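Hi,

Here is the structure I said I would pass on to you. Have a look at it first, and then read on for what turned up in it.

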Amino acid sequence: MSADQLRAQLDTLEAQYRALAERQLSLDLTRGKPGTEQVSLSDALDGILEGDYRASNGTDVRNYGGLDGLPEAKALFSKVMGVPESDIVIGGNSSLTLMYSVIDFALNVGLRGAESAWGNSDELKFLCPVPGYDRHFAICEHLGIEMIPVAMDANGPDMDEVERLVSSDPAIKGIWCVPRFSNPTGCVYSEETVERLARLGTIASDDFIVMYDNAYAVHTIDADAPELANIRDYSVKHGTESSVFQFGSTSKVTFAGAGVAFLSSSPANLAAFKQHLGFQSIGPDKVNQLRHVKLLQSPAGIAAHMEKHAALLRPRFAAVLATLENELGDTGMGEWLSPQGGYFISFNTRPGLAQTVVKLAADIGVALTPAGATYPYGNDPEDSNIRLAPSYPSLKDVQATAEAFVICVKLASIRQALA
Ligand code: PMP
């Protein structure tokens, strides 16, 4: 476009933006929370035990004990994770808590005895595929672990770079991964990436771990979404079971914050970790575990339940993606992937514009995740990534937000082009 054409478009956009400001919007696309209709899908949890509190092995779930979870919960969630029933621990309500506990354990107690505690080293580093999940990065920052960003593409982290780094720097103790419907890009790690992650244990320092947060394992929106290869099979193949910790939860299956979380690793890691867990808790909430098994029943039961979530999420994702495509496709003003599951759409503005777009949106009552939140230390060096989370607002509000968002992107882009 010529400068005159750009200026004419800028006038139109400024007018559209002012009109939006006058509408005094109050929209929020910040956090990946399930919507109210989604959580309502699991309301049957309440009262589902009908007074029968006995687990399959006769345990009275109302009482203390059973640190590693109920057998029927292990049977169900080990299938979700693709691991043997013996290699899973069913915990409390949050996988993030389990992740924090594993890092705390490796740091302060040692995965393989006190000698192996990461805290014995002066320098500790973690690889952080970017853009990624802010709460993973917050754990590292809180515990004083230096974060090294690694680029992501449609197949997952740049594995050439990951292998180069872990094989040359023993201070690197781990890597964060969200392998299926990654937060926020929505990509599914390719089979090759999964195998290369499993193989890292053969080239990294002995106490290196893959923090494999499979938070969106069953959170498919499109029926033909890619499956994820089984990392446990590859870690058995390469003899690296102890270098992989897998996590999952039902936070976005049943009730967010009132679900069931689980973790899997090698038998040796689990034995050591359970001892550590025993200092934190007498046992998990087994009542909730039993309620979850009764509600979800089987992998097929989980799939049927997740299809109901998908029916609610699909139009919200479609609304955002169609608006982005119609308004910004072919303009060069942004790039995004079309996720087939998960909770997010990751949008890249032209370099240097993410903060401006988020501020423009905030000024007209549209809350977006802060620019930079998807990067370690909140620092997106390109200032371009914005995470959009369309699950919680009503469809009408998602549509209105998407429309306001594209106006902010266009306005920022054209102002930049004319500057
Ligand atoms: N991991 C990822 C990648 C997430 O996006 C979320 C929720 N936003 C969590 C973990 C939190 O899981 P939980 O509720 O089990 O702690």
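Keep in mind that this is a predicted model. I'll begin with a pair of helices. Helix H7 (residues 191-199) packs with helix H8 (residues 231-238) at an angle of about 45 degrees, and their axes are 8 Å apart. The two are therefore oblique to each other, and H7 passes H8 in a right-handed crossing. On the H7 side the contact is made by Val-194, Glu-195, Leu-197, Ala-198 and Arg-199, while H8 brings Ile-231, Tyr-234, Ser-235 and His-238. By class, the residues of this contact are five nonpolar, two polar and two charged.

The loop that leads from S6 to H7 is worth a stop as well. Phe-181 lies in that loop, and it has a positive phi of about 50 degrees although it is not a glycine. Pro-184 lies in the loop between strand S6 (172-177) and H7 too. The peptide bond that joins Asn-183 and Pro-184 is cis, with omega about 10 degrees.

There is another cis bond to look up: the one from Val-130 to Pro-131, where omega is near -5 degrees. You'll find Pro-131 in the loop between strand S3 (125-130) and helix H5 (134-142).

Asn-183 comes up again around the ligand. The residues surrounding the ligand are Gly-32, Ser-94, Ser-95, Leu-96, Tyr-133, Val-178, Asn-183, Asp-213, Ala-215, Ser-249, Ser-251 and Ala-261. Sorted by class, this shell has five nonpolar residues, six polar and one charged.

Now for the sheets. S2 and strand S9 (residues 261-264) run antiparallel and are joined by three bridges.

Gly-334 has Thr-349 in S11 as its bridge partner.

One more helix pair to finish. Helix H11 (residues 299-328) and helix H13 (residues 395-418) pack at about 25 degrees, with 9 Å between their axes. That angle makes them roughly parallel to each other, and H11 passes H13 in a right-handed crossing. From H11, the residues that meet H13 are Pro-315, Arg-316, Ala-319, Val-320, Thr-323, Leu-324, Glu-327 and Leu-328; across from them in H13 are Leu-395, Val-398, Gln-399, Ala-402, Glu-403, Val-406 and Val-409. This contact has ten nonpolar, two polar and three charged residues.

Cheers

Notes
Residues are numbered from 1 along each chain as its sequence is written. This is a predicted model: local features need pLDDT of at least 70, side-chain atom pairs count only at pLDDT 80 or more; totals for chains, interfaces and linings use all residues. Axes are lines fitted to C-alpha atoms, for helices over the stretch in contact, and angles run from 0 to 180 degrees between N-to-C directions. Helices (H or I, at least four residues) and strands (E, at least two) are DSSP runs, numbered from the N terminus. Angles under 35 degrees count as roughly parallel, over 145 as roughly antiparallel, 65 to 115 as roughly perpendicular and the rest as oblique. A crossing is left-handed if the near helix is turned anticlockwise from the far one by less than a right angle, and right-handed if clockwise. Two residues are in contact if their C-beta atoms, placed from the backbone, lie within 7 Å. Ala, Val, Leu, Ile, Met, Phe, Trp, Tyr, Cys and Pro count as nonpolar, Asp, Glu, Lys and Arg as charged, and the others, Gly among them, as polar. Two strands pair if DSSP finds at least two bridges between them. A residue is near a molecule or strand if its C-beta atom, placed from the backbone, lies within 6 Å of it.
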